[in-house]
Amino acid sequence: MIIGTAGHIDHGKTTLVRALTGVDTDRLPEEKRRGISIELGYAYLQAGDISLGFVDVPGHERLLHTMLAGATGIDHALLVVAADDGVMPQTREHLAVVALLGLDRSSVALTKIDRIDPAGREARIAQLRAEIAELLAGTPLAGSPLFPVSAQTGEGLEPLRQHLLQAAGDVRAHDDALAFRLAADRAFTLAGVGTVATGTVHAGTARIGDELRLVPGERSARLRGIHAQNLPADKARAGQRCALALAGLAKEDVRRGDWLCDPAIALATTRIDVQLTLWPGEAQALRSGVPVHVHLGASDVMASIALLDRDSLLPGDTALAQLVLREPVAAWHGDRGVLRDASATRTVAGVRVLDPFAPVRYRRTPQRLAELAAWALPDRAALLDGLLQAAPLGLDAARLARALALPGPDALAPLPADALRIDSMLITRRHLEALQAQVIERLRAFHEAQPAEIGPDARRLRRLAGPRTDDGLWRALVESLVADGRLVRSAHWLHLPDHAARLNAAEEKLAQQLLPKLANGGFDPPWVRDLAKDLAASEAMVRQTLASLARRGAAFQVVKDLYYPLPTVERLAALARDCINGPAGLQAASFRDATGLGRKRAIQILEFFDRVGYTRRVKDTHLLRPDTAMFGGRGA
């Protein structure tokens, strides 16, 4: 069990830890000279199979950022109040920190009772009991047991020690499914060992020889040695204070606030969606746009707040919010953090990470708020089911597993009964059927608007029917519709079965005459009226036959009554690609010169390419769409 001290400066935190463990956590010369803690200190108490790790934090108000680096990841808070001073300002702020971090296991040590006049001791202790009980009331630490102690005389130490050892057996079990991660709070070089990073293991297990990732960033290291709870070990596990010897990293590479983690869950983010609770002691409501210090793990970064489900947050209330960070941090679902004001003078709020991959857009839509409501559920199975129900486009399984700090998509099992795994995505059957219906609806609308075209290719149809759909899911969706016969694929194009009716005998005979004439016309094929006159057929019959050919993808109407056969369109498309790679790019003038056509016809063909999704126009230039496979094109 990891125990973190909390309390006002000079209330005897370090002295108490030394009396309980025999270890002086003030290791710096300046700490010994000034008699105060400046950095985090560590001590351990071993009693049989039980191991207690103490994180001793500075009590000075200017060192609260250091206290916060040590407070994260602890299992039990030991609030220290001096009997001669009573509750002081940093007592209150440290209490706010541990309460906002979600700690609900704590003890109170009433120190320095030897300094109280024996004649009034009982009355003074009773007074402080009432004062501290009132202080803790309304917080998760309410009802914490209080132990009057004296580190100088030893009075009361043994009952406190036995209470902490007993409390170690009551610490809630860690989730064995989670991948390894440790919040680094110190790094140094040890002769004969190399770089050593220390911190609290938040989750998972790591063994000597494992590869670890240092995040934020892309640096990796091999774990060459472990000290757990100050003893040599072959593995580091959740709930331990550990020192990790790392091969492949220099001491300067590891900063306070970095994480060492299983590569499978490595991430860095600058936007985090959270549950935010404003401390009841705040004087005014919180609004969006407020700059704050965000303390997550052992890190401290600046950010701004965007409230998502309301315009302002009253003291003591909880809301959904997004933290927009000024630099990347590593954070996972369920992590707890604390917000301090921009000047770092007071603690204002606590946060619980919901989604570390928060979106830039659509962050306040009803769908997104429903997703965040699912992220807030405490049970993983309910969370996964809620997210799937709220995600009409499905969930990226690998990304979801990483956000949950799980070692891979397979660790998400068991899946909800109605969940389907398609490629890398998870989606409910209901949402998949809704997507299929949407594709059919949008394609029907396309046919009505463009009756002369056979249909869009798969990429263009995606832009029409599901622009935010994952690549793998979209491919599977189209293939399932084709397999069911609800879509028909003709070359690169997709269409509804009734849109590409077979040519009747008269149309088939006429088509055999029309296609050669269109091909012989090169880049300037004959118009409908000229074809009708030349073949002694009615213009209506020629139009009907060419429209049928267009629905089959054999010809394309560039402008009204002007059709180009597929081979000619492919040749024009190749010239367009050549122009794109040329010095002038694809413009009306360069395409006119490449084709030998007049400017008007060159513009008409370029507009046709834009319309069917082969190119897109940006000012006077036409660019090949990056996702097109039409006419032999491959977007870059």
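This is a predicted model: local features need pLDDT of at least 70, side-chain atom pairs count only at pLDDT 80 or more; totals for chains, interfaces and linings use all residues.

Biologist: Which residues point which way from β14?

Modeller: Arg 241, Ala 243, Ala 245 and Ala 247 point one way. Cys 242, Leu 244 and Leu 246 point the other way.

Biologist: And which way does β8 run against β14, parallel or antiparallel?

Modeller: Antiparallel. Strand β8, residues 194–203, is joined to β14 by 6 bridges. In that pairing, Val 196 has Ala 245 as its bridge partner.

Biologist: What about β11 and β14?

Modeller: Strand β11, residues 219–228, also runs antiparallel to β14, with 6 bridges. There, Ile 226 stands opposite Leu 244.

Biologist: New topic, helix pairs. What is the angle between α10 and α11?

Modeller: About 105°, with the axes 9 Å apart. α10 covers residues 429–449 and α11 covers 458–465. The two helices are therefore roughly perpendicular to each other.

Biologist: Which residues meet there?

Modeller: From α10, Gln 438, Val 439, Arg 442, Leu 443 and Phe 446. From α11, Arg 460, Leu 461, Leu 464 and Ala 465. By class, that contact has 6 nonpolar, 1 polar and 2 charged residues.

Biologist: On to α14. Which of its residues are buried?

Modeller: In α14, residues 528–535, the buried ones include Val 528, Leu 531, Ala 532 and Leu 535. They cover an arc of only 100° around the axis, so they lie on the same side of α14.

Biologist: What covers them?

Modeller: The cover over the buried residues of α14 includes α13 (505–520), α15 (539–551) and β30 (562–565).

Biologist: What follows α14?

Modeller: Ala 536 follows α14, and its phi is positive, near 55°.

Biologist: Last one, Arg 161. Where does it sit?

Modeller: Arg 161 is in helix α6, residues 157–168.

Biologist: Why does Arg 161 count as buried?

Modeller: Because its relative accessibility is 17%, and buried means under 20%.

Biologist: What does Arg 161 touch?

Modeller: Leaving out residues up to four places away in sequence, Arg 161 touches Ala 19, Leu 20 and Leu 45.

Key:
Residues are numbered from 1 along each chain as its sequence is written. Side-chain values use heavy atoms; hydrogens and water are left out. Helices (H or I, at least four residues) and strands (E, at least two) are DSSP runs, numbered from the N terminus. Buried means under 20% relative accessible area, exposed over 50%, partly exposed in between (1.4 Å probe, protein chains only). Contact means heavy atoms within 4.5 Å. Axes are lines fitted to C-alpha atoms, for helices over the stretch in contact, and angles run from 0 to 180 degrees between N-to-C directions. Angles under 35 degrees count as roughly parallel, over 145 as roughly antiparallel, 65 to 115 as roughly perpendicular and the rest as oblique. Ala, Val, Leu, Ile, Met, Phe, Trp, Tyr, Cys and Pro count as nonpolar, Asp, Glu, Lys and Arg as charged, and the others, Gly among them, as polar. Two strands pair if DSSP finds at least two bridges between them. The arc is that of the directions from the helix axis to the C-beta atoms.
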